[in-house]
Amino acid sequence: MDAKLQVPTLDSPLPVLEPIKGVKKAPLEEYFTSGHRTCQGCESALVMKLMVKAAGPRTVVLGSTGCMYVANTTYYSTSWVVPWMHTQLGSSGSAAVGTAAGYRALMRKGKIKREPINVISFCGDGGGADMGLSAISGALQHMDYNHLILLYDNESYANTDIQASGSTPYGANTTFSPHGKAKRILHKRWKKNMAAMLAAGHPECRYVGTVCASYAVDFMNRIRKALSIGGPTFIHSLDPCPKGWDYDPMLSHELGELAVLAGIWPLFEVEQHQLRLYGKTRAIVEGRQKRLPVRDYLMKQGRFAHFTNDDIDYFQAKIDEMWTRWLIPGVLPFSTDVLNERPPA
Amino acid sequence: MARTISVEVVYRGIFQKTLAKNICRGIVLAARKEGKIGISFGRYGDSPERNGIPAKNFAIVAPNEEELQLSMAQYEPETTDVTISVDDMLCKGVESWAWYGLQPINQKVRDQGTLIVTSMLPAEALINFCHTKPTPYRLAVIPAIPSFSGLWVYKDDHTDVRILGALPKVCPELVSLDSIQKAIKEEWNDDLKVTSARRTYEHTATRTVRPGEGNPEVPFKFDLPGWTKMREGVTIDGIRLGEPIKFGDQIGGYRPARNPYFKKYTTRTMRPVIDFDKCIKCTLCWLQCPDSCFDVTPDQTYDLNAEACCGCGVCEAVCPVDNCVTMVNEAEFADNKSQWEAYKQDKQAYQAWVDEKLTHRPERSHGFRYRGQYQEQVAKQGVGPGGAE
């Protein structure tokens with residue numbers, strides 16, 4: 001474990017991206033600008049904006065199908081300043097590798113200048129956590145290419161009007177899981193633990209992290225770290241979605257914070273085999289911040305409006321378990337006890 | 001009845017999706033009671049809907065199947081007998097998801113047709129927002145706070161049935177009050193809703209809007225490229241980089257270049273007002289805005305660019321200073337000018353302007369804030385002055 005990870009033998013140079021020290025040092029330039037067709041209060045649009053703000057002008061962005069494809073580049077107009085290309089739903093991983101390999105080859109052959117070019121490929125939770133999982137896994141094994149895969153997770157197929165995905169949390173109302181009289185809870189799957197899965201499953205990968213755009217500076221610094229560390233990297237962002245989660249758009253920022261403060265969305269990074277909790281998550285674990293009850297988070301969202309007190313208690317128990325019984329709290333969902341709990345519904 | 005009648009509902013995407021569906025469905029169900037045939041459908045180009053972005057739903061009622069088929073061959077009706085705007089701020093214009101530029105709310109209303117608006121504003125104020133039209137039309141205002149909810153929890157404040165009740169009054173050809181009441185009873189099995197519809201029928205009055213009355217502005221539009229003009233790979237130019245702002249002797253800050261084809265002048269129902277004297281330059285409104293609608297001024301304060309603001313309210317939510325960034329009803333604004341420039345020109349006058357605007361905070365809610373909210377609101381507001389006794 002102590003052995004430093006092998007630094008990939010890279011033909012393409014790496015960018016130097018210094019950490020941003022505080023909100024007042026955030027770059028003024030926008031590389032993803034106004035005039036996209038997203039919802040009022042769309043946190044995923046904010047993720048796009050902060051992602052390229054951190055990455056800078058020498059960046060190529062690839063986007064698999066989802067809200068951030070359809071809403072940002074429709075009807076022959078766009079709000080991207082940096083080059084952007086669409087890729088198919090499940091192929092954010094393949095597109096990242098292909099593009100990084102293409103630039104490397106062009107630089108090797110002297111057809112373009114040798115310089116650091118950031119390749120960022122984004123996918124939604126449908127495109128990434130469901131359909132594109134194998135391609136992302138493949139991409140994270142190819143140590144020769146520098147790229148970042150960013151999963152913006154609004155916990156449903158929001159673009160096509162909220163079908164349940166592998167990232168939809170327990171009990172949430174979606175068009176695939178409407179609550180009814182006979183069955184109050186139709187969606188009984190627990191959210192996929194993507195970042196930890198990819199970190200555990202790709203031992204050579206040098207950077208995997210989770211972020212939330214409510215903490216903009218932390219967010220941008222994770223992007224910078226992932227882009228400048230070398231090799232394939234992965235970042236998972238939780239994006240409150242006013243459309244699918246059904247809340248007043250002005251709560252977008254607050255719900256991101258609440259997800260972290262309630263312990264539902266742990267902020268962590270695995271950097272060269274070293275796991276580090278950061279931000280408010282670290283404060284909670286170190287006892288400097290009280291973990292909030294999940295009720296505060298759930299009852300602000302129409303998708304959980306059908307929850308009874310039993311459902312909220314069950315949700316709370318699962319989150320408590322995450323912090324008290326998991327092998328690595330908030331990250332690795334194994335425990336030494338065999339749990340035979342069943343949902344109350 | 002010998003002719004086909006078209007009704008459109010212009011609404012805020014997602015927030016009013018269920019409301020628009022209920023209205024159009026109600027129209028067709030009521031028409032069935034009279035042996036007519038109809039169809040209710042959403043506009044394809046508006047899908048997938050986005051919160052707050054204007055969308056349209058249609059109801060077409062025909063005397064027989066052949067006539068209905070004829071009208072269904074069209075993408076959407078060319079003219080409407082009744083246009084219903086369930087949010088009064090849509091009177092300022094409709095910037096759809098699909099690429100149409102800005103359409104006047106009354107664009108499709110036929111000669112002597114009717115525009116129904118749910119609003120607490122007087123008819124004269126609404127007419128000032130609506131673009132002028134060469135032909136006369138009638139305006140009916142249903143007094144109600146525009147009804148906003150979300151995808152999963154519906155705010156049942158009777159707006160749907162009240163609009164259904166107004167329809168036989170403004171367009172007796174379409175359907176009778178009796179059929180509307182029967183359809184409501186059958187669909188919702190709620191006598192209070194039937195009463196709401198009848199009361200609105202009794203209270204609804206129309207006012208004729210003469211040609212030339214209203215907002216004389218020419219709505220912005222642009223040329224749509226045909227498919228022959230598209231480049232290989234359907235590539236398009238990106239947006240260029242932004243530039244510092246020049247104002248008087250000052251140069252500094254940053255104004256991003258923006259997508260020139262999709263502006264958000266009418267996407268919002270409220271907009272932020274900024275008290276520059278209170279600003280502590282914390283950057284949060286600018287940094288956390290999903291629409292990048294703030295320009296960084298040479299003073300390092302943050303100025304709203306009304307072209308890009310969709311009125312979500314995140315800036316107000318993140319601002320750490322009381323009354324520094326405050327959301328104000330969109331109805332209170334007649335233009336989209338820079339607030340910072342007004343502030344620089346005359347600070348005292350600007351302060352007076354801010355103080356006045358701050359008395360018009362939105363009473364409407366954009367949607368779900370906590371469980372039980374809608375029931376509380378409905379209990380407080382009742383179902384409107386034209387509602388149940």
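What share of the contacts in chain B with a separation of 6 or more comes from residues 24 or more positions apart? I got 77%, taking a contact as two C-beta atoms, placed from the backbone, within 7 Å.

Housekeeping: this is a predicted model, where local features need pLDDT of at least 70, side-chain atom pairs count only at pLDDT 80 or more, and totals for chains, interfaces and linings use all residues. Residues are numbered from 1 along each chain as its sequence is written, while chains are lettered from A and ligands numbered from 1 in the order in which they are written.

Overall shape next. I noted 51% of the residues of chain B as buried, i.e. with 20 or more other C-beta atoms, placed from the backbone, within 10 Å of their own.

Then the secondary structure: chain B has eleven helices and 13 strands, as DSSP runs (H or I, at least four residues; E, at least two) numbered from the N terminus.

I traced an open sheet of seven strands in chain B, order β2-β3-β1-β4-β5-β6-β7, with mixed pairing; a pair needs at least two DSSP bridges. Its edges are β2 (37–42) and β7 (206–209) of chain B.

I also checked β1 (residues 5–12) and β4 (residues 80–85) of chain B: they run parallel, joined by four bridges. Glu8(B) has Thr83(B) as its bridge partner in β4(B).

Definitions and conventions
Buried ≥ 20, exposed ≤ 12 C-beta atoms within 10 Å, placed from the backbone.
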